[in-house]
There are 2 protein chains.
Amino acid sequence: MSINKRKIIVQKYGGTSVGTVERIREVARRIQGRKNKVDEIVVVVSAMGKETDRLVSLARELGTASLREQDVLLSSGEQVSVALLSMALLERGVKARSFLSFQLPIVTDERHSAAIIKQINVKNILDSLHEGEIAVVAGFQGITLSGNITTLGRGGSDTTAVALAAALNADFCEIYTDVDGVYTCDPQVYGAARKLRTISYEGMMELAGLGAKVLHNRCVELARKYNVKILVRSSFNNSEGTWVCEEEEEMEGALISGVTYSRGEAKISVLGVPDKPGIASLIFIPLADMGINVDMIIQNIGRNKAADVTFTVPEEELAKALQVVNKVATELGAEGVDYDQNIAKISIVGGGMRSNPGVASKMFQALAREGINIMMISTSEIKISCVIDARYTELAVRILHDAFELGGNSV
Amino acid sequence: MSINKRKIIVQKYGGTSVGTVERIREVARRIQGRKNKVDEIVVVVSAMGKETDRLVSLARELGTASLREQDVLLSSGEQVSVALLSMALLERGVKARSFLSFQLPIVTDERHSAAIIKQINVKNILDSLHEGEIAVVAGFQGITLSGNITTLGRGGSDTTAVALAAALNADFCEIYTDVDGVYTCDPQVYGAARKLRTISYEGMMELAGLGAKVLHNRCVELARKYNVKILVRSSFNNSEGTWVCEEEEEMEGALISGVTYSRGEAKISVLGVPDKPGIASLIFIPLADMGINVDMIIQNIGRNKAADVTFTVPEEELAKALQVVNKVATELGAEGVDYDQNIAKISIVGGGMRSNPGVASKMFQALAREGINIMMISTSEIKISCVIDARYTELAVRILHDAFELGGNSV
């Protein structure tokens with residue numbers, strides 16, 4: 001007798017996909033349809049969109065003195081969703097069973113509000129699948145060995161889904177969201193944007209880090225580590241979606257996967273710093289101590305052997321950063337501190353950029369042709385980013401999308 | 001070295017007491033005040049009032065196909081409250097820790113939506129108290145040995161509180177609600193109503209059963225079984241409240257504790273049933289099979305040796321009951337079926353009624369004096385109930401309250 005491996009998939013539905021009872025019914029319908037094509041389905045759900053907002057605002061009213069209690073509060077959101085989705089499936093005659101983290105368990109460390117998954121016991125899920133049920137698992141939450149409820153932080157439900165897919169050795173993990181895949185650029189900025197059929201884990205991480213908020217990096221990192229194939233799809237239509245998987249499975253066509261941008265950063269310059277070794281550390285260590293995340297850095301030696309140091313920080317941390325930097329600038333005898341919030345970071349993402357020096361120059365030329373000034377540049381193996389004046393953001397996206405011919409049919 | 005037993009109390013706050021963040025802050029303030037007078041406090045909370053309504057309406061939208069999933073859904077309400085109350089305590093600098101049922105655990109049987117508590121492990125609570133914390137426990141919920149979430153049904157949070165008080169061997173259990181104690185009659189019906197200082201478990205159960213919705217019978221039953229003293233108080237003022245405890249601790253004064261009424265019943269009469277043995281069972285067995293709760297029953301033998309059988313059922317089950325009864329009446333060859341929804345049951349509750357036959361006649365006379373017709377009568381050791389026309393309800397309460405001099409100072 002031959003044993004055929006049964007096909008298991010993990011599906012994850014985000015907050016907007018389960019935002020109302022009507023939407024939950026729609027998700028149940030979709031799961032039922034999918035059940036006809038695969039053997040076993042495990043579903044991970046987030047809290048209903050508005051529910052999370054409501055719980056977060058309740059928590060804010062009472063302060064965040066206790067991250068432990070905040071986790072107890074927030075994790076109730078997913079508890080509501082798993083129950084409602086299970087009820088919607090049962091309403092359709094589809095056998096289903098909900099699982100909270102402690103019921104598996106999904107064990108995490110003790111870091112409340114940003115816990116790391118240590119271990120998942122899938123026995124109860126396998127028993128449920130064996131009974132012919134859809135296993136509906138609460139995303140975003142975990143339980144510590146000492147029995148405390150934790151939450152996983154941003155991108156938590158995606159992370160739960162990928163971790164479960166890894167633990168179950170699932171065939172792949174479908175992430176349902178409110179966009180129908182990963183595009184060569186933001187379709188709202190440039191109609192020529194084209195949906196990618198595949199993208200590598202690395203490319204996806206660069207995109208996510210650069211502001212294309214389809215998947216959180218943490219979940220992509222985990223998927224790469226355990227080689228879990230992810231299919232990003234929309235829960236609002238039947239479009240095919242984009243596969244996020246290992247490079248060798250990616251299309252061999254174009255070098256560049258997409259153009260992306262981010263407006264959430266601000267630029268700070270410390271001007272006329274007397275040049276001596278260690279300037280950078282004197283500026284950046286106090287920033288790191290304050291938990292401020294510095295992204296791009298450039299340093300120019302100018303007149304009088306004085307240096308200008310320029311760097312970017314998340315816009316919401318600008319005020320805090322300026323306080324630190326003004327103090328340091330005085331200590332260093334710098335001439336002054338300047339800042340600019342009206343900047344955008346525009347990036348092209350793809351593979352093997354360093355081995356194709358023509359890519360960078362092509363990018364710079366394309367921007368220059370339209371008179372867009374490049375303030376800062378940073379490059380890596382799979383992306384080139386330029387900081388430009390924010391008002392040229394959309395123009396730059398279109399220019400680069402055209403320059404690299406991303407709108408074609410061949411990617 | 002002598003060991004003094006530390007004083008432990010259990011407090012329970014209902015849905016209106018924790019209805020808003022502002023109310024939760026108020027409860028935290030009250031707990032802090034109480035903490036100065038006793039050694040250890042364990043707090044049991046219900047879901048925020050509106051939260052329960054919201055969850056119930058979500059459940060209704062998706063049907064109640066699965067009581068298991070409904071319990072997962074509803075129990076999230078208490079999860080929100082324990083987290084918020086713990087946060088409110090911590091905000092005031094009072095150490096606190098929330099506990100869900102599975103975190104103790106509070107083990108129940110498998111009866112979803114109406115589970116029975118089998119066992120409570122208080123070790124984690126004692127550890128928390130030992131750390132100087134207020135232990136904040138989710139009411140209404142339990143966990144089965146196989147790890148499923150259950151809820152306890154109506155009066156669930158009160159039951160959790162009394163069960164915890166028993167398991168902890170607490171000094172007493174304070175139940176905070178929206179009334180400030182147990183009254184001799186409904187103060188809204190008759191201003192002469194007086195708050196009782198004490199009432200026996202049995203008297204309290206009769207009152208609860210008769211519609212005075214201060215405490216659910218199930219929790220009083222449990223309190224009696226484990227001899228847990230209950231103090232019913234308002235969370236909206238500092239009034240002293242009413243003790244529910246063993247009879248010997250009750251005041252010896254008056255025989256009658258109070259007058260109560262209920263309008264939630266309807267009366268059905270099966271008229272002209274040919275009299276033969278077993279009529280009653282032929283009528284009442286089918287009703288019991290449908291789960292319809294019959295309360296009072298009278299049977300008169302009238303003209304032609306035909307019997308009239310009259311009984312009361314909860315008003316919301318009238319339609320269902322009539323369907324059954326009409327069918328049975330036809331089978332029995334009865335002359336007809338009659339019903340009346342405009343009835344009220346008015347009762348006096350106290351101790352040793354059977355040994356004081358004067359009590360019943362005093363009641364009947366008082367009603368007769370005002371021309372109030374008594375349709376049905378039922379008596380027990382601690383109550384006498386009469387069914388009357390609903391429009392005389394308030395009048396009857398006032399008459400009986402005066403007749404038994406319940407407004408005095410001597411109870």
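View 1. On one side of H1(A), A:Glu22 and A:Gly33 are exposed. This is a predicted model. Helix H1 of chain A spans residues 21–35 and has 15 residues. From its first C-alpha to its last, H1(A) reaches 21 Å, close to the 21 Å expected at 1.5 Å a residue. Its buried residues are A:Ile24, A:Val27, A:Ala28 and A:Ile31. These four sit on the same side of H1(A) because they cover an arc of only 105° around the axis. A:Glu22 and A:Gly33 lie on the other side.

**View 2. What the buried residues of H1(A) pack against.** The partners include three strands of chain A: E1 (8–13), E2 (40–45) and E6 (134–138). Helix H3 of chain A is also packed against by the buried residues of H1(A).

**View 3. The contact between chain A and chain B.** Here 25 residues of chain A are in contact with 25 residues of chain B. On the chain A side, helix H2 (49–61) and helix H3 (67–91) each supply at least two residues. H3(A) gives the most, with 14 residues. By type, the chain A side that touches chain B divides into 14 nonpolar, eight polar and three charged residues.

**View 4. B:His112 in its loop.** B:His112 lies between strand E4 (106–108) and strand E5 (117–120) of chain B, in the loop that links them. Is B:His112 buried or exposed? B:His112 counts as buried because it has 20 C-beta neighbours inside 10 Å, and the cut-off for buried is 20 or more. Leaving aside neighbours within four places in sequence, B:His112 is in contact with B:Leu67, B:Arg68, B:Asp71 and B:Thr150. B:Ala396 is 284 residues from B:His112 along the chain. The C-alpha atoms of B:His112 and B:Ala396 are separated by 41 Å.

**View 5. An open sheet of four strands in chain B.** The strand order is E13-E18-E20-E19, with antiparallel pairing. Strand E13 (256–262) and strand E19 (376–379) are the edge strands, each pairing on one side only. From one strand to the next, the twist averages 15°.

**View 6. The E19–E20 pair of chain B and the helix across it.** E19(B) and strand E20 (residues 383–389) of chain B run antiparallel and are joined by four bridges. B:Met376 has B:Val387, in E20(B), as its bridge partner. Helix H10 (residues 358–369) of chain B lies across E18 (343–350), E19 and E20 of chain B. H10(B) runs at about 20° to E20(B).

Note on methods. Residues numbered from 1 in each chain as written. Chains lettered and ligands numbered in written order. Predicted model: local features only at pLDDT ≥ 70, side-chain atom pairs only at ≥ 80, totals over all residues. Buried ≥ 20, exposed ≤ 12 C-beta atoms within 10 Å, placed from the backbone. Contact = placed C-beta atoms within 7 Å. Nonpolar A, V, L, I, M, F, W, Y, C, P; charged D, E, K, R; others polar. Pairing = 2+ DSSP bridges. Axes fitted to C-alpha atoms, helices over the stretch in contact; angles between N-to-C directions. Expected span 1.5 Å × (residues − 1). Arc of directions from axis to C-beta.
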